[in-house]
Amino acid sequence: MGIVKCKVHGETGIKPFIDRKIIDMVVLNYQGLLLEKNIEKKIFLVTEQCIFDETESFNINYYIAEMTMRKNKLKQLYIISSDEEEDEFHKIIPQTSGTCGKCFEEYIEKYNIEIIKEW
Ligand SMILES: [Zn+2]
């Protein structure tokens, strides 16, 4: 896990693979500019399971905005075992980035946002 320098929390752990739409909300929240009507109450966890051979595999969890979920019709789990599958996956998964883990947690708690792991 990398380190990020947050304006609010200083040097802190980074939370990676978050939909840019959610990061925009997190930033507006700590700037005090977030409007209640713009808050999505659900964040979806999409898992990319990369299997390159029988011995090596890892998971990446993406935090995806509700709006993106509906638009891209994403599934809960994608199993990737070839470059072609990887390319296809990156066509439908939105642009993601990292943000301060504490800012992210505060945003989730403040607005009582549900993280959906199964749908
Ligand atoms: Zn922060």
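Helix α1 (residues 20-30) packs against helix α4 (residues 101-110) at an angle of about 85°, their axes lying 10 Å apart; helices here are DSSP runs of H or I with at least four residues, strands are runs of E with at least two, and both are numbered from the N terminus. Axes are lines fitted to C-alpha atoms, for helices over the stretch in contact, with angles running from 0 to 180 degrees between N-to-C directions. The angle therefore makes α1 roughly perpendicular to α4 (65 to 115 degrees; under 35 is roughly parallel, over 145 roughly antiparallel, and the rest oblique). Met25, Val26, Asn29 and Tyr30 of α1 meet Cys103, Phe104 and Tyr107 of α4, where contact requires C-beta atoms, placed from the backbone, within 7 Å. These residues divide into 6 nonpolar, 1 polar and no charged (nonpolar: Ala, Val, Leu, Ile, Met, Phe, Trp, Tyr, Cys and Pro; charged: Asp, Glu, Lys and Arg; polar: the others, Gly among them).

This is a predicted model, in which local features need pLDDT of at least 70 and side-chain atom pairs count only at pLDDT 80 or more, while totals for chains, interfaces and linings use all residues. Residues are numbered from 1 along each chain as its sequence is written.

Turning to the strands, β1 (residues 3-6) and β2 (residues 10-19) pair in the antiparallel sense over 4 bridges, pairing being assigned if DSSP finds at least two bridges between two strands. A hairpin of 3 residues joins β1 to β2, and valine 4 has threonine 12 as its bridge partner in β2. Strand β2 is also joined by 4 bridges to β6 (residues 96-100), again running antiparallel, with aspartate 19 opposite threonine 96.

Definitions and conventions:
Contact = placed C-beta atoms within 7 Å.
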